[in-house]
Structures are given as C-alpha cells and as structure tokens.
Amino acid sequence: MATAVTRHNRRISPVFLGLVAIMGVSGWAVWTDFSASPGFAVFLFVVSGWIVSLCLHEYAHARTALHGGDISIGAKGYLTLNPLKYTHVALSIVLPVLFVIMGGIGLPGGAVFIERHRIRGRWKHSLISAAGPLTNVAFAIALTAPFWLGALDGVPDVFRYALAFLAMLQVTAAILNFLPVPGLDGYGVIEPWLSYRIRRQVEPYAPFGLLAVFGVLWIPEVNHVFFDAIDAVMRALGVSAGETTWGREFFRFWKGEPQLY
C-alpha cells in the first residue's frame, strides 16, 4: 500500500550533496590549476557532474510521476536524489560512467520504477518519460551558457574544455534518450498513443532496445552521422569540436597530460 510523501522522503540525500561537493571542489581545482594533475581534476569534475546529472534525470522522472498520481514514489526514496535508491544502480550509475570513461558517450539511464497504473491520461505518461532527457537538455544549456553568451573572458582554458566535454555528454544522453526505441524515454513518450496491439508486440523487445542502439552505433557510417549531429548541436550552442576534443583528452588523464600550444 502506497504511503503519502513526507518531509523525510523528500529530504536531499547526503550522498547527492557529497557528489555536488566533489563537483564543486574538483571544478575549483580545474579553474585554479590547484591540482598537480589537471587531467585528474577534470576527470573528477566530469564524472561527478555526470552522476549529478543522472540523479537529476531520474529525479525528474520521479517528480513528474508524483504529480501525475504515483504517490508511491516518495516511499521508494526517489525524491531524495540518492543514486543508491534506484532499482538498478549498476545500469543507472556504474554502466553510464564506464561508457563515459571508455567511449566518451552519454549513456541513457533509466531505473526508477513508476507504477504506471496509478497515472491517468496519455499526456501525463508522455511527460513523465520526457522529463528525464529534458533535464539533460537543460543541463547542457546551462553548461554551455558561457559559450553562447560570449562570457568566456577570464575562463581558464582547461575549465572551458571540461565544461565543453561535460556538456557534450548531456547532448548525447538527450539525443539517445529521445530515440523512439523500446526501452528508451523517446519510446515512452509515444507509447501511450500507440494501439494496445502494437504495444504488446513491442513489449518483449524493450530490454534490448539500448543494446540495439549501441550495436548500430558500432557501424562506422552510423557512428559518423551520429557524432556529426552531436557536433552540429554543440556548434549551435557555441562550442567548437576542438574544445570538446581537448576536454576528452584532459579527461583521459591516464593517457598522459595533453600539451596545450
């Protein structure tokens, strides 16, 4: 039986606050060049920032579901922003971070369990699915604000590159999440508008949708088109391909510090 949302299960988790603190301190270390290893500081800043964005992504799903009618959300701990409360921590946190480290791509999360039968109205179901990737869009816009506002005077180069790379991860996550593929949020947006017969036919494939997307991305031609689209979006946000590339190079500190000329 679902319980009402209380002040306790709305309280922001110390785990999330710790992640924000790591993001702030590592960002300061990048800005001031305080760290003996700028690359390691960039790594901490990007990884902590990426996990913070994943928490906000899942929180957006949960909060929208709460307002849509699923009052069980609070008791599950989803409103605390604690990543350890997700139904699949490995899928929502560990795997996305590994993909960032290995390939520099923002892997969609998706591990809050929403009791959809409590929610009435197709628009509400669509909005719940869209809320997560829209959070990534908002995060990307905020991170790139200094670029498209022309406010980069005085911003250290390495910090600028770190912002660019973290913003690029948000853009890839948003684009991938909005694909109308079963198992991704994009399909969740359109699913309420499909016939019952189509939904039943597609349902068995939902667990494999993300794997299929990444399998297709391994095709060189598709990969080039995808990253060309990412570069186009980043340019529209005022960020050059060179800035995201430098950000990725500093992020991979284990390969040695890149030399700026």
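## The loop between α1 and α2

Asp33 is placed in the loop that joins α1 and α2, helices being DSSP runs (H or I, at least four residues) numbered from the N terminus. Its phi is near 60 degrees, a positive value in a residue other than glycine. Asp33 is exposed, with a relative accessible area of 53%; exposed means over 50%, buried under 20% and partly exposed in between (1.4 Å probe, protein chains only).

This is a predicted model, in which local features need pLDDT of at least 70, side-chain atom pairs count only at pLDDT 80 or more, and totals for chains, interfaces and linings use all residues. Residues are numbered from 1 along each chain as its sequence is written, and side-chain values use heavy atoms, without hydrogens and water.

## The loop between α2 and α3

Leu81 belongs to the loop between α2 and α3. Phi is again positive in a residue other than glycine, near 65 degrees for Leu81. Leu81 counts as buried, at 7% relative accessibility.

Leaving aside residues up to four places away in sequence, Phe251 touches several residues, among them Val42, Val46, Ile101 and Phe165, where contact means heavy atoms within 4.5 Å.

Key: Helix = DSSP H or I, 4+ residues; strand = E, 2+ residues; numbered from the N terminus.
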